[in-house]
Amino acid sequence: KSLLDTIGKVRSNSYIPVLLLGNKTDLEHRRTVGVEEGHQVALEYNCQYYEVSAAENYVTINIAFQALLRDAKMNQQQKSMLKRRRTSLVNVSKKLGAMFSGKKDCAEFDKRRTSMDVNSPLKLT
Ligand SMILES: Nc1nc2c(ncn2[C@@H]2O[C@H](COP(=O)(O)OP(=O)(O)OP(=O)(O)O)[C@@H](O)[C@H]2O)c(=O)[nH]1
C-alpha cells in the first residue's frame, strides 16, 4: 500500500495507469491476502487488479499487461485530443479577438465571409 501511496502522490491530478498484481495463485493454501481485499485496494487506488501465477502460466500475466497498455494508450489519446481541442479553442478566440479589435485577421475574415455570401453570384473558377 505504501508503494501505491507514493504512486498516488506522483499522480496528483494527472491519471497514470497502474496495474496491481496478486502473484503466486498456485500457492492458494498459503494465501494471506483475500481476493476481495485485492479488489478493494484496487478500487481505493483506482488501478486494475489481476491475480496471476508467474510459476504456472503467463496467459493471465499477458492479459494483465495488455490491459495496462490499452489503458495507457487510451489515456494518451484522450490527452492529445484535449490538447488539440484546447489549441483550436485558442485559435478561435485569437481570431475573434482580432475581429473585434479590427486587426488584419478581421479583414481576412470579412473577405472570406463576403465570398460565401448566399446573395452574391456563384463564382466557378
Ligand atoms: N510458486 C510460485 N513461486 C513464485 C511465483 N513467482 C515467483 N515465485 C518465486 O518466488 C521467489 C521470489 O521471486 P522474485 O522474482 O525474486 O520475487 P520477489 O518479489 O523478489 O520476492 P517475493 O517477496 O518472494 O515475491 C522465487 O523463488 C520465484 O521462483 C509464482 O507465481 N508461484
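This is a predicted model: local features need pLDDT of at least 70, side-chain atom pairs count only at pLDDT 80 or more; totals for chains, interfaces and linings use all residues.
Entry 1, the core. I looked up the largest nonpolar core and found that 7 residues make it up, namely Leu 4, Val 18, Val 41, Ala 42, Tyr 45, Cys 47 and Tyr 49. I then followed Ala 42 and, leaving aside residues up to four places away in sequence, I noted that Ala 42 touches Leu 20, Cys 47, Gln 48 and Tyr 49.

I found a nonpolar patch on the surface formed by Tyr 58, Val 59 and Ile 63, which together have about 330 Å² of accessible area. Val 59 lies in helix α3, residues 59-100, and I recorded Val 59 as partly exposed because its relative accessibility is 49%.

Entry 3, the salt bridges. I looked up how many salt bridges the structure holds, and there are 3. In one of them the side chains of Glu 44 and Lys 1 meet, at 4.0 Å from N to O; this pair links distant parts of the chain, with Glu 44 in helix α2 (residues 35-44) and Lys 1 in the segment before α1, 43 residues apart. Lys 1 is exposed, with a relative accessible area of 57%, whereas Glu 44 counts as partly exposed at 49%.

I recorded Glu 51 as partly exposed, since its relative accessible area is 22%.

Definitions and conventions: Residues are numbered from 1 along each chain as its sequence is written. Side-chain values use heavy atoms; hydrogens and water are left out. A nonpolar core is a set of buried Ala, Val, Leu, Ile, Met, Phe, Trp, Tyr and Cys residues joined through side-chain atoms within 4.5 Å. Buried means under 20% relative accessible area, exposed over 50%, partly exposed in between (1.4 Å probe, protein chains only). Contact means heavy atoms within 4.5 Å. Patches are made of residues with over 30% relative accessible area and no salt bridge: like charges are joined within 9 Å, nonpolar side chains (Val, Leu, Ile, Met, Phe, Trp, Tyr) within 5 Å. Accessible areas come from the Shrake-Rupley method with a 1.4 Å probe; for residues, only the protein chains shown count as cover. Helices (H or I, at least four residues) and strands (E, at least two) are DSSP runs, numbered from the N terminus.
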